[in-house]
Amino acid sequence: MGMRLLEIHPQELKFVFELNKHSSCSIQLTNNTLDHVAFKVKTTSPKNYFVRPKVGIIEPKSTREFTVRMQAQEMAPPDMLCKDKFLIQSTVVSADTTDEDITSSLFAKDVGKYMEEKKLGVTLVSPSSSPIDEALKEEFDVGVSEPNNLCTAVEKDLDRETSNKSDEMFNVPDNVMEPRDVGKGEPEPASLADDFIEGDEEDLDMIKQVEELRLKLTELELKLCEAKVAISKLKEEKRISIQETEFLQQNFSELRKSELIKRVQVGFPLLYLYMVALICTFLGRLLR
């Protein structure tokens, strides 16, 4: 087939990279043929990107767009070079095919079936060093006042950066950067699994709900640990109070015994008094 099925613009995915912030870019797919063309988007890092839609049908002589959203990153890659790749597969389908009819088997490399694959690299751009800002700064320093010259400078910078990045991205062996096809009896690899490349808002909401549940579960675990610590402290305090009570009771019983002994020892015994009284009475009678 002389003409390519899809014309892709731009030829790379360019994201404005900022730490802990999402970034998005769009890719236009143009069908210049007279057939209906189905497409599918794959990536080597499905956990870092959400694609919407990832599959679709493009009618003849029409254009369709898909959006790629890069998840917020906590660390910047070395030298702002991203090794992630995207693969766009396309093939001719019948006119009654819908988006729901698109499966992985539709893009299998069967004998006699024509399928195109286009690899796209990822470029990270700093917000303060975008090509347009640099071109504006150069034109301002030189003092150019014509709009046409400014646009020409911007286009040249964009073309130069695109060509350099493309050469750097795709100067690697095909078996490293190209996602392999999967047979019917073989499970699809995790790096290209459909479930991990979805870009629907429902999946984003589900991920947020899962994260919220994890946070709540962590909070409950912390509260449970605090409750266990409080219970152990109460048990220890109860044990100490019981020991103190037993000690006080023992001391109190000893004090009572000592008081009784003192009471017996204080004053004259009653029997001694009776004996003295009898002796005195007997002596008194004798003296009379």
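This is a predicted model: local features need pLDDT of at least 70, side-chain atom pairs count only at pLDDT 80 or more; totals for chains, interfaces and linings use all residues.
Five strands make up an open sheet with mixed pairing, and their order runs 2-9-8-4-6. Strand 2 and strand 6 (55-58) sit at the edges with a single partner strand each, so one side of each has no neighbour in the sheet. Going from one strand to the next, the twist averages 25°.

Now for the rings. A pair of aromatic rings is described by how far apart the centres are and by the angle of the planes. Searching the whole structure turns up 3 aromatic pairs. Take Phe15 and Tyr49: their ring centres are 5.8 Å apart and the planes are at 35°, so this pair is tilted. It joins distant parts of the chain, with Phe15 in strand 2 (residues 12-16) and Tyr49 in strand 5 (residues 49-52), 34 residues apart. Phe15 has 0% relative accessibility, so it counts as buried, and Tyr49, at 1%, counts as buried too.

Phe39 and Phe66 pair up as well: with centres 6.3 Å apart and planes at 25°, the pair is stacked, because planes under 30 degrees apart count that way. This pair also links distant parts of the chain, from Phe39 in strand 4 (residues 36-43) to Phe66 in strand 7 (residues 62-70), 27 residues apart. Both Phe39 and Phe66 are buried. Back at Phe15 and Tyr49, ring pairs tie these two into a cluster with Phe86.

Several of these names come back in the packing. The largest nonpolar core has 24 residues, and the ones touching the most other members are Leu13, Phe15, Leu29, Phe66, Val68 and Phe86. Among the elements that give two or more residues to this core are strand 1 (6-9), strand 3 (23-31) and strand 8 (81-93). Which residues does Val68 touch, not counting those up to four places away in sequence? Its contacts include Leu13, Phe15, Tyr49 and Phe86, along with Ser23, Ser24 and Cys25. Phe50 and Val51 are also touched by Val68.

Conventions. Residues are numbered from 1 along each chain as its sequence is written. Side-chain values use heavy atoms; hydrogens and water are left out. Rings of Phe, Tyr and Trp (its six-membered ring) pair if their centres lie within 6.5 Å; planes under 30 degrees apart count as stacked, over 60 as edge-to-face and the rest as tilted. Helices (H or I, at least four residues) and strands (E, at least two) are DSSP runs, numbered from the N terminus. Buried means under 20% relative accessible area, exposed over 50%, partly exposed in between (1.4 Å probe, protein chains only). Two strands pair if DSSP finds at least two bridges between them. Axes are lines fitted to C-alpha atoms, for helices over the stretch in contact, and angles run from 0 to 180 degrees between N-to-C directions. A nonpolar core is a set of buried Ala, Val, Leu, Ile, Met, Phe, Trp, Tyr and Cys residues joined through side-chain atoms within 4.5 Å. Contact means heavy atoms within 4.5 Å.
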